[in-house]
Amino acid sequence: MAPPSALTIATQSVQRLVKEETYYHKEQANQEARIQKLTGEIEAENPDLDSNAEYVLKQEKTALEETKAVFGPLGVRITDAVQKLEEQIAISESDGTASEEQLNKAKEALVSGQRVTAQKGVLDKNVLMP
C-alpha cells in the first residue's frame, strides 16, 4: 500500500483538529453545567450534598480554566493546518496528482477549518474589544 499523499495528510490533520475543537467546546459546556449545578446546590444548602462540595467546585473551576486555555494554541494549530491544506490543494490541482475524490475531501475539510478560524477571529476580536 502506498503511503498517503501530502494532500491526504493535510486533509486529515485539519479534520482531526476541527474535531478536537468541537470536543473541547462540548467539554467546556459540560463543565460549566456541572459548576452551575454544584453552585446552585451549595447555595441552596442541599442536605444530600457531599461534605467536600466546595473542594469539588474548586476542582471543576480549575478544570474549566484548563479547558479554556487549550483554545488559544489549538486555534493557532488549526490556522497553520488550514494554511498547509490550502497550499496542498493548490499544488495538487496544478500538477494533477490528486483524484477528484481527494480534492473534494480536502476542500470540505478546508471549509470546516476556515469556519473554525473565522469563528475564532470573531471571538478574539470580542475578547479584545470592551
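A salt bridge is a side-chain nitrogen of Lys or Arg within 4 Å of a carboxyl oxygen of Asp or Glu. In this predicted model, the side chains of Glu20 and Arg77 meet in such a bridge, at 3.9 Å from N to O. The structure holds six salt bridges and two aromatic pairs.

**Helix α1**

- Helix α1 runs over residues 6-43.
- It has 38 residues and reaches 55 Å from its first C-alpha to its last. That is close to the 56 Å expected at 1.5 Å a residue.
- Just after α1, Glu45 takes a positive phi of about 50°.
- Thr22 is found in α1. Thr22 is partly exposed, because its relative accessible area is 38%, between the 20% and 50% limits.
- Thr22 and Val116 are 94 residues apart in sequence. In space, their C-alpha atoms are 9.3 Å apart.

**Salt bridges**

- The bridge between Glu20 and Arg77 links distant parts of the chain: Glu20 is in helix α1, Arg77 in helix α2, 57 residues apart.
- Glu20 is partly exposed, with a relative accessible area of 22%. Arg77 also counts as partly exposed, at 39% relative accessibility.
- Glu20 and Arg77 belong to a network of salt bridges that includes Arg16.
- The side chains of Glu93 and Lys107 meet in a salt bridge of 2.9 Å, N to O. This pair links distant parts of the chain, with Glu93 in helix α2 and Lys107 in helix α3, 14 residues apart.
- Glu93 is partly exposed, at 43% relative accessibility. Lys107 is partly exposed too, with a relative accessible area of 35%.
- Lys105 and Glu101 form a salt bridge through their side chains, at 3.6 Å from N to O. Both lie in helix α3, four residues apart, or about one turn of the helix.
- Lys105 is partly exposed, with a relative accessible area of 44%. Glu101 counts as exposed because its relative accessible area, 53%, is over 50%.

**Aromatic rings**

- Of the two aromatic pairs, one is formed by Tyr23 and Tyr24 and is edge-to-face, with 5.4 Å centre to centre and 65° between the planes.
- Tyr23 is partly exposed, with a relative accessible area of 48%. Tyr24 is partly exposed, with a relative accessible area of 22%.
- Tyr24 also pairs with Phe71, edge-to-face, at 6.5 Å centre to centre and 80° between the planes. This pair links distant parts of the chain: Tyr24 is in helix α1 and Phe71 in helix α2 (residues 53-95), 47 residues apart.
- Phe71 is buried, because its relative accessible area of 9% is under 20%.
- Tyr23, Tyr24 and Phe71 form one aromatic cluster.

**The second largest pocket**

- The second largest pocket has a volume of about 160 Å³. Two elements give two or more residues to its lining: α1 (6-43) and α3 (100-128).
- The largest share of the lining, five residues, comes from α1.
- By class, the lining has one nonpolar, six polar and two charged residues.
- Among the lining residues are Leu7, Thr8, Gln12 and Ser99.
- Glu101 and Lys105 also line this pocket, and their side chains meet in a salt bridge.

Notes: Residues are numbered from 1 along each chain as its sequence is written. This is a predicted model: local features need pLDDT of at least 70, side-chain atom pairs count only at pLDDT 80 or more; totals for chains, interfaces and linings use all residues. Side-chain values use heavy atoms; hydrogens and water are left out. On a 1 Å grid over the protein atoms alone, a cavity is a set of points where a 1.4 Å probe fits but cannot get out, and a pocket is an open set with protein on both sides within 12 Å along at least five of seven lines; lining residues have an atom within 4 Å of a point. Grid points are joined across faces, edges and corners, and a volume is the space filled by probe spheres set on the points. Ala, Val, Leu, Ile, Met, Phe, Trp, Tyr, Cys and Pro count as nonpolar, Asp, Glu, Lys and Arg as charged, and the others, Gly among them, as polar. The expected span of a helix is 1.5 Å times one less than its number of residues. Buried means under 20% relative accessible area, exposed over 50%, partly exposed in between (1.4 Å probe, protein chains only). Rings of Phe, Tyr and Trp (its six-membered ring) pair if their centres lie within 6.5 Å; planes under 30 degrees apart count as stacked, over 60 as edge-to-face and the rest as tilted.
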